[in-house]
Amino acid sequence: MFSRLREDIRSVFDRDPAARTTWEVLTCYPGVHAVILHRLSHGFWRRGFYWLGRFTSHVARLMTGIEIHPGATIGRRFFIDHGMGVVIGETAVIGDDVTLYHGVTLGGTSWVKGKRHPTLEDGVVVGAGAQILGPITIGARAKVGSNAVVVKDVPPETTAVGNPARIIDSEQAQKREEKAGQMGFSAYALAGKQDDPLAKAIHGLLDHAVETDRRLELLLHKLEASGVCVEDELATADKFDPKYLSKIVD
């Protein structure tokens, strides 16, 4: 028990630059309190003391704002930063060295008994407000962006963002992770300027359309300067407003 507690405290120092002393972590970090109380409630649950397990988890919820069902399985060095609003369902399975931020839900999508909550493999990081729903698997060392809604499996060592969540290109994600590593721990599972991949694709198409319009206008001016008559219909074709479309995409 005490070796696990030492690991938990060490993981806080490794992942939270605001942590200063062991006493501060023990007394002021609700994520640590929630994990300690979950171990107690999970012990009751496994031994068949279901009411006592639920009551202990209820007390932990009142104290920390973090709701972990006593049936959930949690590995070593699990860290919940800030923690308020985190919900972890009964059949959730969490591996070692996993990090969650506030507002995360590991929830179910069915009332059918059995495995109905997510599995997070070792080293997963889940950003603030993310919703991971159903009996899906988030692969080892994958990252889920803030406010993402994940309803499908996420492969290992990839990054999922958006609603519904989409996988960022692995090569691009690797470059961003390298940059994030140079800047320090990527606290919310997102490096700077990491946009939604669909929005980026649409912006790329808009930029291409604007450049095409510019070239057509230049070509028309050259033709007119050379004495070539340009049809009125071609010269006065409707133009779209790229700034307006960009606002819609954003």
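Reply: Helices (H or I, at least four residues) and strands (E, at least two) are DSSP runs, numbered from the N terminus. In that scheme Thr119 lies in strand 8, residues 119–120. The model is a predicted one, where local features need pLDDT of at least 70 and side-chain atom pairs count only at pLDDT 80 or more, while totals for chains, interfaces and linings use all residues. Residues are numbered from 1 along each chain as its sequence is written, and side-chain values use heavy atoms, with hydrogens and water left out.

Me: How many helices and strands does the protein have?

Reply: The protein has 8 helices and 15 strands.

Me: In what order do the strands of the open sheet run?

Reply: Strands of a sheet pair through backbone hydrogen bonds, either parallel or antiparallel. Two strands are taken to pair if DSSP finds at least two bridges between them. Here 5 strands form an open sheet in the order 1-4-7-10-13, with parallel pairing. Strand 1 (67–68) and strand 13 (149–150) are the edge strands, each pairing on one side only. Strand 13 pairs with strand 10 (residues 131–133) in the parallel sense over 2 bridges, and Gln131 stands opposite Val149 of strand 13.

Me: Is Thr119 buried or exposed?

Reply: Buried means under 20% relative accessible area, exposed over 50%, and partly exposed in between (1.4 Å probe, protein chains only). Thr119 counts as buried because its relative accessibility is 17%. Across the protein, buried residues make up 39% of the 250 residues.

Me: What does Thr119 touch?

Reply: Contact means heavy atoms within 4.5 Å. Apart from its neighbours within four places in sequence, Thr119 is in contact with Val93, Ile136, Thr137 and Ile138. Ala140 sits in the loop between strand 11 (137–138) and strand 12 (143–144) and is also buried, at 14% relative accessibility. With the neighbours within four places again set aside, Ala140 has contacts with Glu121, Asp122, Pro156 and Glu157.

Me: Which salt bridge involves Asp8?

Reply: Side chains of opposite charge can pair when their charged atoms come close. The rule for a salt bridge is a side-chain nitrogen of Lys or Arg within 4 Å of a carboxyl oxygen of Asp or Glu. Asp8 forms a salt bridge with Arg39, with the closest N and O atoms 2.7 Å apart. Asp8 lies in helix 1 and Arg39 in helix 3, so the pair ties together parts that are 31 residues apart in sequence. Asp8 is buried, with a relative accessible area of 3%, whereas Arg39 is partly exposed at 28%.

Me: How many salt bridges does this rule give?

Reply: The count comes to 12 salt bridges. One of them joins Glu7 and Arg77, where the closest N and O atoms are 3.3 Å apart. This pair links distant parts of the chain, 70 residues apart: Glu7 is in helix 1 (residues 2–15) and Arg77 in the loop between strand 2 (73–74) and strand 3 (79–80). Another pair, Glu211 and Arg215, has its closest N and O atoms 3.1 Å apart. Both residues lie in helix 6 (residues 197–225), 4 residues apart, about one turn of the helix. Elsewhere, salt bridges that share partners join Glu7, Arg15, Arg76, Arg77 and Asp97 into one network.
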